[in-house]
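Here is a friendly walk through the model you are about to see. Keep the viewer open as you read, and follow along chain by chain.

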Amino acid sequence: MRAFLVVFMKEIIDNLRDRRSLLTALLGMPIAFPVLFVVLISFQIERNIDSAEELIELPVIGAEHAPNLMRYLESRNIDIVAGPADGAAAAEAVQAGEQDVVLLIPGDFSEELADMIPATVELYLDQANTSGGADIGRVRDALFGYNQTLAGIRLSARGVNPMLLRPLNIDHIDVSTPSGRAAILLGMLSYFFLFALLMGGMYLAIDATAGERERGSLEPLLSLPVTRAHLIVGKIAATCVFMSTALALCLLSFFFSLQFMPFEQLGMTPNFSLIVAFAAFLLLCPFALVSAALMTLFASFTKSYKEAQTWLGVGVLIPTMPILFVSILQVQPRFEFMFIPPLSQHLILVDMISNEPVSILNIAISVVSTLALGAILTWVCVRLYHREALLG
Amino acid sequence: MIRVEGIHKSFGEVHAVRGLSFAAHDGKITGLLGPNGAGKSTTLRVLCTLLKPDRGTATIDGADVVTDGLSARRKIGSLPHGSGLYPRLTARENIAYYARLCGLDRDEIADRVEEIIKTLDIGDFADRRAKGFSHGQRTKTALGRALVHDPQNLILDEPTTGLDVMATRSLRELIAKLKAEGCCVLFSSHVMQEVAALCDDICIIAHGKIAIHDSVDGIRERTGREDLEEAFVKAIAMVEDE
């Protein structure tokens, strides 16, 4: 048997016996991620549906001064409840986050209204409060609506066409397709897949390099009549197998858990069939080589198991950086991105999941460029293993 | 046959080995004796091709450790300081792993490992994982691993450190047996009595240089000390005086 195959087999068996690390790497992540994802999506669905239809409560101070306004608000599905004692108490309650929004109607509201001077109502809200944004928006819209209605009535009473007050008619036309919207949400999926892949091989990568040195088993290993290239390639290959296994488990568990998600309620039709899952596996597999080589490279520089763990904890973020940059800077996908792993995988995956056509050329470029980078990193690892400082 | 000719090795400011030369012959046990930090481990690491000497050469049965590292490594078995076993593999698997890496034939491996287990008398724990091994069990397994490809030269770095009397004794018997089979055994230690009990030839090194290279009696004669420990101390002092 060739030496790298011997190393490969030994690392696989050795690490299969490390039960605890194996559980975290192969089972923990693939189970934890779908659960996290399902919870996130359910939350999202709940919020979207809630904000559109559900009754919201609005604390009002001085509701008795504006019975018509109260009726109007109730017709807009806003339930009026008694508010705090006065304006100061309301400000406090909003500031403390007890209420998202409080409406105050001063005592002279109806008089001002009758005298045709702009009648003041006070709306207490916290602009910095993001979670109450939907409720605040609805109350505001309702008040503007009432404003428009009253203005219309006044103009009609004087024989003026109320349309004169609406030189503009603003129509919101939502052009995002249901699948497109799904893609934003499902864009997160490729993160989960990448993390599962990275975590799946992290322990082995550390154990086979920094761990080997710390146990003192590296010195006799390097004294054997085997070239160091064989040792490295065997170790990286074993890490790749663990990474691909974790990836496969993660894809499978997502495939099953997504069956139970009520995507229709969000108006989404994501395509995560078994075929797409399998395609995603083949697409991401080359990236395992890049990750395994990168981790081995990192772990070869560190002095101990612990140091390697610390470094790799940060190191796992590096491969996801390109995706993060593009998402944050909102750069439009470009052809050149296909040369950047794992950005290319991410973009292709998003297209696949949202039922967009995927170009074969892009896939080919992604696979080839990723494998090339993996080969370069592996070569760097082999060079590094020829350093004397390796023994520590 | 191990031959070392004028090797130098520095680590930054530290000049660990300064022009060391000696030869270890087949069928003999050569002891590398020296206080801590004398350059013993560095020398052995050069011989195992783990370190490249700054100057000088070393050969294992004629194979240069720098230019022909792979051939040199094929001719040596090495027991490093600290056994370096894989804790999740059994003793048998640890030995078999090295057998495979050394390129032994598939059918040959099982027999060869079994033979080693018998020779070293480690049958009663051969199929247990190395994690819970005693120091003696670990050293024996590591020695078995070093011997699995039947090397002509054996390099042992402080093999008896931390071993109890019985384990030390059986290790000595083994080394003597290998010598009788014609092996070249190079063995480092910082205990004079240990080296004296086993070695035909003793190299006393201090500060990276050879102080004396002779037989036990020769050392006694040249230092003028009957007591071995005294002789050791005297030899080291001789280097310091230079």
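## A residue to begin with

Leaving aside its neighbours within four places in sequence, with which residues is B:D214 in contact? This is a predicted model, and in it B:D214 touches B:I202, B:I219 and B:R222 once those sequence neighbours are set aside. The C-alpha atoms of B:D214 and B:I202 are separated by 5.5 Å, although the two residues are 12 apart along the chain.

You will find B:D214 in strand 10 of chain B, which covers residues 209-214.

Strand 9 of chain B spans residues 201-206, and six of its six residues are buried. Both of its faces are covered: B:D201, B:C203 and B:I205 are buried on one side, and B:I202, B:I204 and B:A206 are buried on the other. In a regular strand, side chains alternate between the two faces of the sheet.

Strand 9 of chain B pairs with two strands described here. With strand 3 of chain B (residues 28-33) the pairing is parallel, over four bridges, and B:L32 stands opposite B:C203. With strand 10 of chain B the strands run antiparallel, joined by five bridges, and B:A206 stands opposite B:K209. The hairpin of strands 9 and 10 of chain B has two residues between the strands, and B:H207 takes a positive phi near 50° there.

## Chain B as a whole

Stepping back, chain B has nine helices and 10 strands. Its radius of gyration is 18 Å, close to the 18 Å from the globule rule for 242 residues, so chain B is as compact as a globular protein of that length. Along the principal axes, its C-alpha atoms fill a box of roughly 55 × 40 × 35 Å.

Of the 242 residues of chain B, 50% count as buried. Among its contacts between residues at least 6 apart in sequence, 68% join residues at least 24 apart.

## Where the chains meet

How many residues of chain B are in contact with chain A? There are 20, and they meet 20 residues of chain A. Helix 2 (69-74) and helix 3 (91-101) of chain B each supply at least two residues of this side of chain B. Helix 3 of chain B gives the most, with four residues. By type, the side of chain B that touches chain A divides into 12 nonpolar, three polar and five charged residues.

## Nonpolar cores

Nonpolar side chains tend to be buried together in soluble globular proteins. In this model the largest nonpolar core has 154 residues, and those with the most contacts inside it are A:F193, A:A196, A:L197, A:A246 and B:I204. Leaving aside neighbours within four places in sequence, A:F193 is in contact with A:L247, A:C250, A:L251, A:A280 and A:L284. A second, separate core has 18 residues, including A:I61, A:A66, A:I78 and A:V139.

Finally, turn to strand 1 (residues 56-61) and strand 2 (residues 78-82) of chain A, which run parallel and are joined by five bridges. The bridge partner of A:E57 in strand 2 of chain A is A:D79.

Key
Residues numbered from 1 in each chain as written. Chains lettered and ligands numbered in written order. Predicted model: local features only at pLDDT ≥ 70, side-chain atom pairs only at ≥ 80, totals over all residues. Contact = placed C-beta atoms within 7 Å. Nonpolar A, V, L, I, M, F, W, Y, C, P; charged D, E, K, R; others polar. Pairing = 2+ DSSP bridges. Core = buried A, V, L, I, M, F, W, Y, C linked by C-beta atoms within 7 Å. Buried ≥ 20, exposed ≤ 12 C-beta atoms within 10 Å, placed from the backbone. Rg over C-alpha atoms; globule rule 2.2 N^0.38 Å.
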